[in-house]
Amino acid sequence: MRLSRYFLPLLKETPADATIASHKYMLRAGMIKQNSAGIYSWLPLGLKVLKKIEQIVREEQNKAGAIEMLMPTIQSADLWRETGRYDAYGPEMLRITDRHDREMLYGPTNEDMITDIFRSSVRSYKDLPKNLYHIQWKFRDEVRPRFGVMRGREFLMKDAYSFDLSAEDARRSYNKMFLAYLNTYARMGLKAVAMKADTGPIGGDLSHEFIILAETGESEVFCHADLVNMPPPGELDFDSDLQPLVDERLALYAATDEMHDADAFAKLPSDKQLSARGIEVGHIFYFGEKYSAPMNAKVMNSDGKEVIVHMGSYGVGVSRLVGGIIEASHDDDGIIWPKAVAPFGAGIINLKVGDAEADQVSEDIYNQLVAAGIDPLYDDKSDRGGVKFSRMDLIGLPYQITIGPRGLKEGIVEVKTRATGERQSLAPDAAIKFITSEFAGI
Ligand SMILES: Nc1ncnc2c1ncn2[C@@H]1O[C@H](COP(=O)(O)OP(=O)(O)OP(=O)(O)O)[C@@H](O)[C@H]1O
Ligand SMILES: [Mg+2]
């Protein structure tokens with residue numbers, strides 16, 4: 001993409017209501033624009049990151065055997081009445097009336113709807129287990145929408161729903177998601193910890209939140225320090241017994257505020273007692289028959305007897321993750337995108353647009369990086385160097401290649417690695433080779 005043709009509305013001033021780094025930088029870097037409280041437009045740069053995160057979530061869900069579908073944002077109140085949630089959900093639910101006076105709502109979650117879809121077609125235990133998911137916008141009329149996309153009212157969530165014949169089978173489905181989540185966050189460059197969690201209005205008795213540590217996080221959490229740096233499970237055979245891998249992690253203390261057990265925590269060695277703030281980037285639940293019983297979601301078991309299915313649900317805060325990643329990865333100059341989610345792989349800075357050689361070499365590098373699949377952003381605007389450098393630092397692309405007449409006299413360009421600030425003077429070919437090799441396997 002050529003910057004001169006792109007839509008990148010940067011802000012010079014930080015809007016006063018933005019208090020945390022991710023909110024400030026997302027506004028300043030022209031990633032989002034607020035339309036009303038907690039409701040945002042995703043501008044081109046922001047949308048690119050959102051889509052990359054979404055795709056990582058999708059790939060890891062698919063690997064774990066979950067099947068993608070898409071449910072609507074607007075739901076009928078009828079299904080929610082069947083489960084009793086229409087009244088229980090409270091003012092966070094946006095209730096809508098259509099022209100025929102039918103009560104509708106903008107879905108805050110989809111347990112009721114998916115249970116209806118399941119019960120209307122699945123009849124036999126032979127069709128189990130099943131895990132269906134979608135990546136869809138949700139609406140929750142939060143009391144205090146804040147911190148930009150971190151606590152929006154409209155937000156993008158991946159929500160998966162598992163169906164099993166027994167509690168034991170449901171535990172297997174839960175374990176798949178538990179480990180798939182750890183792999184998902186690791187691919188985004190995040191260190192997420194699974195913590196024992198309260199189930200809230202979703203209900204149930206087995207639940208974990210996935211938390212990334214950040215001072216600006218809204219959750220108070222307690223865990224064994226070793227969990228933070230524990231490597232993700234990596235490639236898994238999802239048909240094998242995953243319990244030992246889950247148990248390895250559950251053996252170390254980790255709990256959110258609501259589930260905190262101060263006595264158990266105090267028994268950890270004092271240098272391992274980590275009490276911190278964190279951002280909830282995912283939440284998984286096993287809730288058994290909570291929705292399937294009132295909605296009569298049953299299948300025939302192998303003895304020909306009808307049994308109520310056991311369910312779980314599994315959420316990832318896709319849009320919240322955009323902010324979460326920035327909280328985990330930025331400096332005073334701007335965002336530092338992990339390679340896997342960067343909106344563009346590299347930025348090309350032409351210091352002297354109009355200079356025949358600088359233009360030629362910049363174009364050349366641009367074309368070669370495009371061909372190599374790096375998806376570069378070429379700053380071909382005629383601003384002065386300082387403006388270009390701070391703009392590129394702000395939007396945080398992993399690599400910057402600077403091309404100017406001075407370097408070109410010696411046949412070199414400069415490559416800067418955004419995360420470390422390290423600069424290398426390289427011939428254009430070597431610069432392309434370096435950046436391309438840095439993206440190998442991503
Ligand atoms: N208002 C919101 N804005 C952005 N993401 C959200 C919001 N509410 C929930 N999420 C994301 O969706 C995931 C699954 O939803 P869940 O029902 O567990 O949320 P929650 O527990 O109500 O979240 P929170 O405690 O932060 O309000 C959460 O882990 C979070 O990452
Ligand atoms: Mg939650």
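Which residues does Ile114 touch, not counting residues up to four places away in sequence? Ile114 touches Met69, Met71, Leu132, Tyr161, Phe163 and Met311, where contact means heavy atoms within 4.5 Å. The model is predicted: local features need pLDDT of at least 70, side-chain atom pairs count only at pLDDT 80 or more, and totals for chains, interfaces and linings use all residues. Residues are numbered from 1 along each chain as its sequence is written, chains are lettered from A and ligands numbered from 1 in the order in which they are written, and side-chain values use heavy atoms, with hydrogens and water left out.

**Ile114**

- Ile114 belongs to helix α5 (residues 111-119); helices (H or I, at least four residues) and strands (E, at least two) are DSSP runs, numbered from the N terminus.
- The relative accessible area of Ile114 is 0%, so this residue is buried (under 20% relative accessible area, with exposed over 50% and partly exposed in between; 1.4 Å probe, protein chains only).
- A distance of 11 Å separates the C-alpha atoms of Ile114 and Met295, which are 181 residues apart along the chain.

**Helix α10**

- Helix α10 (residues 356-371) has 16 residues and should span 22 Å at 1.5 Å a residue, which agrees with the 22 Å between its end C-alpha atoms; the expected span is 1.5 Å times one less than the number of residues.
- The buried residues of α10 include Ala358, Val361, Ser362, Ile365, Tyr366 and Leu369.
- These residues cover an arc of only 135 degrees around the axis, so they lie on the same side of α10; the arc is that of the directions from the helix axis to the C-beta atoms.
- Exposed residues Ala356 and Ala371 are on the face of α10 turned away from its buried side.
- The cover over the buried residues of α10 includes β19 (346-350), β20 (377-379), β21 (399-403), α12 (405-409), β22 (413-417) and α13 (428-438).
- Gly373, with a positive phi near 80 degrees, follows α10.

**Largest pocket**

- The largest pocket holds about 1,000 Å³ of space; on a 1 Å grid over the protein atoms alone, a pocket is an open set of points with protein on both sides within 12 Å along at least five of seven lines, and lining residues have an atom within 4 Å of a point.
- Grid points are joined across faces, edges and corners, and a volume is the space filled by probe spheres set on the points.
- Of its 45 lining residues, Arg140, Arg151, Glu280, His283 and Arg320 lie nearest the centre of the largest pocket.
- Strand β13 supplies the largest share of this lining, seven residues.
- The lining divides into 16 nonpolar, 15 polar and 14 charged residues (Ala, Val, Leu, Ile, Met, Phe, Trp, Tyr, Cys and Pro count as nonpolar, Asp, Glu, Lys and Arg as charged, and the others, Gly among them, as polar).

**Second largest pocket**

- The second largest pocket has a volume of about 350 Å³.
- It is lined by 27 residues, with Val193, Ala194, Leu227, Arg249 and Ala254 nearest its centre.
- Its lining has 21 nonpolar, two polar and four charged residues, and β9 gives the most, with five residues.

**Cavity**

- One cavity of 30 Å³ or more is found in a search of the whole structure; a cavity is a set of points where a 1.4 Å probe fits but cannot get out.
- The largest cavity, with about 40 Å³ of space, is lined by Tyr40, Trp42, Trp137, Val149, Gly152, Glu154, Phe155 and Ser319.
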